[in-house]
Amino acid sequence: SGPKPLAGKRVLVTSGPTHEPIDPVRYIANRSSGKQGHAIAAAAAAAGAQVTLISGPVTIPDPAGVDTVHVESARDMLAATEAALPADIAIFAAAVADWRIAGAAGQKMKKDGKGPPSLALVENPDILATIAAREIDRPSLVVGFAAETQNVVDYARAKLAKKGCDLIVANDVGGTGVMGGDANTVHLVSTDSVETWPTLPKSEVATRLVAHFADLLAHKG
Ligand code: C5P
């Protein structure tokens, strides 16, 4: 059991990649495993919260004690996230595809002898920015993630402002096997502070993040 600092609180977490269809059998995806987001959902449940996890396609199991909603695309993830509101804390750990195929084909695309098709892309909705901008039921604490390969803290500061969130958890994914791996090195970036944590297992990062979020929520009153 242990302490339950999030008893009575609602927590929403997005996790994993999104799949953006090209046609019924093909899609664009990314290397997110969902490990960090799922670990955060599990840690929030262990801290006593009522947790909704909105998960893109992953190969890891649904965490115990968490209400998990499975989605495929960014647009589905936005709809499921909006449907899960209100929440006290919203944590956006998913690696949402920035773009989707404009007008995905309804049938499998065939080789027609005229060479490869060109795929036009359109921008997906930014789920984090959309939820952070809500007027009526914006969660008290909105947390974004930033996976960068360079200038990690500078980019995180810029992202904080652009997305309108309260905190960015930034990690360096440059060649260290963070994506899909079991360890993570994170920087907590808010408007007035930066905190860098040592490299830790993702489960330990999750437990510490949840304790930190509970603290921040308590001090917001
Ligand atoms: O802009 P960038 O993708 O680097 O921002 C990362 C943060 O924004 C993550 O918290 C991610 O979950 C969130 N995001 C989102 N919807 C998008 C793109 C990113 O919620 N379409």
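Helices and strands are DSSP runs numbered from the N terminus, a helix having at least four residues and a strand at least two. The legends below describe close-up views of a predicted model.

**Figure 1. The loop that holds proline 86.** Proline 86 belongs to the loop that joins helix 2 (74-83) and strand 6 (89-92). The peptide bond leading from leucine 85 into proline 86 is cis, and its omega is near 0°. Most peptide bonds, by contrast, are trans.

**Figure 2. The loop that holds asparagine 151.** Between strand 9 and helix 4 runs a loop that contains asparagine 151. Asparagine 151 is not a glycine, yet its phi is positive, at about 45°. A negative phi is found in most residues other than glycine.

Figure 3. At leucine 128, a polar backbone atom lies 2.8 Å from an oxygen atom of the ligand. On its own the ligand has 440 Å² of accessible area, of which the protein covers 86%.

**Figure 4. The shell of residues around the ligand.** The ligand takes up the space of the largest pocket. Two or more shell residues come from each of helix 3 (127-132), strand 9 (141-148) and helix 4 (152-163). The residues around the ligand include Phe92, Ala94, Val96 and Asp98, as well as Pro125, Asp126, Ile127 and Leu128. Gly144, Phe145, Lys159 and Lys163 also belong to this shell. Sorted by class, the shell has seven nonpolar, one polar and four charged residues.

**Figure 5. The lining of the largest pocket.** The volume of the largest pocket is about 1,100 Å³. Its lining comprises 41 residues, and those nearest the centre of the pocket are Ala94, Ala95, Val96, Asp98 and Phe145. Strand 1 (10-15), helix 1 (35-46), strand 8 (121-123), helix 3, strand 9 and helix 4 each give two or more residues to this lining. By class, the lining residues are 19 nonpolar, 13 polar and nine charged.

Methods:
Residues are numbered from 1 along each chain as its sequence is written. This is a predicted model: local features need pLDDT of at least 70, side-chain atom pairs count only at pLDDT 80 or more; totals for chains, interfaces and linings use all residues. Side-chain values use heavy atoms; hydrogens and water are left out. A residue is near a molecule or strand if one of its heavy atoms lies within 4 Å of it. A polar contact is a pair of N or O atoms within 3.5 Å; within protein, one must be able to donate a hydrogen and the other to accept it, and residues adjacent in sequence count only if both atoms are side-chain atoms. Accessible areas come from the Shrake-Rupley method with a 1.4 Å probe; for residues, only the protein chains shown count as cover. On a 1 Å grid over the protein atoms alone, a cavity is a set of points where a 1.4 Å probe fits but cannot get out, and a pocket is an open set with protein on both sides within 12 Å along at least five of seven lines; lining residues have an atom within 4 Å of a point. A molecule sits in a cavity or pocket if more than half of its atoms lie within 2 Å of its grid points. Ala, Val, Leu, Ile, Met, Phe, Trp, Tyr, Cys and Pro count as nonpolar, Asp, Glu, Lys and Arg as charged, and the others, Gly among them, as polar. Grid points are joined across faces, edges and corners, and a volume is the space filled by probe spheres set on the points.
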